[in-house]
Amino acid sequence: MTSVRVDAGLLIPGRGEPETDASVVMEGPRISYVGPTATAPEADSTVSVPTVMPGIWECHGHFLGLPDADVLPGSLNTPQATRAARATRDMATLLSAGITSVREPGGLGIDLRHAVDDGSVAGPSIYGAGQILSTTGGHADVHAYPIDFVAHHPHALGAICDGIAECLKAVRHNLRRGAAFIKICASGGVMSEIDHPIHQQFSGDELRAIVEEAGRAERSVAAHCHGKPGIMAALEAGVKTIEHGSYLDEEAADAMIESEAILVPTRFVIEELLHMEDALPPYAYRKSLLVAEHHGQAMKIAAATGVKIATGTDIIISGDLYRKATREITYLVEAGLAPIDALEAATANGPETLGEQAPHSGQLIEDYDADVIALDFNPLEDWVAWGDPSRVTHVWKGGQPVKA
């Protein structure tokens with residue numbers, strides 16, 4: 001079994017205090033040592049770097065393989081092979097940027113993960129949700145298409161379900177495909193045509209049924225929520241994560257803390273959409289303006305009140321945006337998190353979004369996954385460097401070098 005030792009001027013463990021002049025040793029797919037370089041064991045090879053830390057967790061990353069932001073129709077009218085080819089490129093791009101694990105709340109990842117796991121293609125470890133559960137007329141419905149066409153399309157991004165029985169069946173279909181968690185739309189959204197971002201989707205009874213059914217299989221539930229009514233209903237039902245949280249206020253923040261829920265704010269996508277007026281459907285651009293200001297305030301409230309946060313981007317357009325995905329860490333610092341806390345959100349907090357399915361990942365701890373990256377900068381002082389993949393000099397995934 002091959003071993004690698006990484007000696008660093010600064011070691012950031014993911015959770016806990018950074019160390020100077022420290023090393024991490026990887027033996028095969030696991031970490032075998034973390035501590036002072038002076039007492040580190042010898043290894044088959046040694047690399048010296050300025051900064052070493054765990055690989056980044058992208059907790060809201062889609063592999064859709066679509067060339068523009070109008071993704072809901074695109075999921076229906078673009079060949080799966082075309083989408084998968086583009087998504088394969090995007091997976092490799094994320095890995096090169098230092099993202100070694102992706103929690104995918106809807107997309108092709110639930111199937112593409114098999115090709116990553118068997119080494120056929122390069123990419124992060126993928127924890128997929130499968131289809132997104134949506135009400136009729138909800139955020140994952142394609143409103144301009146006939147409902148029967150959308151509801152029965154084999155490659156639709158969303159699974160349309162109304163009433164407890166249909167919700168349970170949709171959960172079970174995703175579990176049958178090997179879903180690591182379940183994703184629901186508990187409010188309207190930006191990229192869907194008719195629904196309003198504030199309005200709650202799914203009733204309380206439906207939400208509870210989904211959470212309970214997922215819980216029987218030890219799966220957590222991620223709730224797409226912009227509006228406060230959806231946030232509060234989802235928390236009451238027992239979801240593990242709130243995605244976006246654009247209208248989160250102090251009351252909602254307190255409820256998140258009390259229920260030990262995690263916020264995945266995805267500021268990245270908000271910032272990008274604001275510069276895409278010419279590329280977006282008019283309704284989507286209007287709604288992006290509607291949520292943007294509220295979303296920025298919500299992030300500051302979450303940071304100030306101590307809501308647990310995990311990083312995610314919600315990138316939906318195949319191509320160059322994946323290179324910049326780690327920029328989300330910078331947005332967390334700008335919202336008020338200390339740089340060390342933003343790094344914890346990007347690493348150690350990531351696996352927790354999966355609840356009981358959480359792998360031993362996201363921290364430099366002995367016997368954890370040997371997903372490790374090296375940087376040519378100090379992210380505690382120079383957090384604006386995130387988003388430039390050239391600043392990530394080395395990436396190891398499962399102890400294997402994938403960028404050096």
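**Before selecting**

This is a predicted model, in which local features need pLDDT of at least 70 and side-chain atom pairs count only at pLDDT 80 or more, while totals for chains, interfaces and linings use all residues. Residues are numbered from 1 along each chain as its sequence is written, and side-chain values use heavy atoms, with hydrogens and water left out.

Helices (H or I, at least four residues) and strands (E, at least two) are DSSP runs, numbered from the N terminus. Two strands pair if DSSP finds at least two bridges between them.

**Stop 1**

Select 30-36 and 400-403, which are β3 and β17. The open sheet here has 7 strands in the order β3-β2-β1-β4-β15-β16-β17, with mixed pairing. β3 and β17 are its edges; each has a single partner strand, so one side of each lacks a neighbour in the sheet. From one strand to the next, the twist averages 35 degrees. Axes are lines fitted to C-alpha atoms, for helices over the stretch in contact, and angles run from 0 to 180 degrees between N-to-C directions.

Contact means heavy atoms within 4.5 Å.

**Stop 2: T37**

Go to T37, in the loop between β3 and β4 (45-54). Apart from neighbours within four places in sequence, T37 contacts R5, D7, D21, A22 and S23.

**Stop 3**

Select 56-58 and 125-128, strands β5 and β7. They belong to an open sheet of 3 strands in the order β5-β6-β7, with parallel pairing. β5 and β7 are at the edges with a single partner strand each, so one side of each has no neighbour in the sheet. Here the twist averages 15 degrees from one strand to the next.

Then select 99-104, strand β6, which pairs with β7 over 4 bridges in the parallel sense. β5 and β6 are also parallel, joined by 3 bridges. Which residues stand opposite V102? E58 is opposite V102 on one side, and I126 in β7 is opposite V102 as well. R103 has Y127 of β7 as its bridge partner. Of the 6 residues of β6, 6 are buried.

**Stop 4: the nonpolar cores**

A nonpolar core is a set of buried Ala, Val, Leu, Ile, Met, Phe, Trp, Tyr and Cys residues joined through side-chain atoms within 4.5 Å. Select I184 and I242, which have the most contacts inside the largest core, a set of 106 residues. Helix α10 (residues 282-305) gives the largest share of this core, 10 residues. Not counting residues up to four places away in sequence, I242 touches A223, C225, I231, A234, L235, M256, I262, L263 and V264. A second, separate core has 17 residues, including A8, M26, L364 and A370.

**Stop 5: pocket and cavities**

On a 1 Å grid over the protein atoms alone, a cavity is a set of points where a 1.4 Å probe fits but cannot get out, and a pocket is an open set with protein on both sides within 12 Å along at least five of seven lines; lining residues have an atom within 4 Å of a point. Grid points are joined across faces, edges and corners, and a volume is the space filled by probe spheres set on the points.

Select Q131, A151, H153, G158 and A159, which lie nearest the centre of the largest pocket among its 29 lining residues. The space in this pocket is about 630 Å³. Two or more lining residues come from each of α2, α4 (147-151), β9 (158-160) and α5 (163-176). α5 gives the most, with 6 residues.

Finally, how many cavities of 30 Å³ or more are there? The count is 3. The largest cavity has a volume of about 300 Å³. Select H139, M191, H224, D314 and I316, the closest to its centre of the 21 residues that line the largest cavity. α1 (71-77), β10 (182-185) and α9 (267-273) each supply at least two residues of that lining, and α9 supplies the largest share, 3 residues.

Terms used. Buried < 20%, exposed > 50% of the residue type's maximum accessible area, 1.4 Å probe, protein only.
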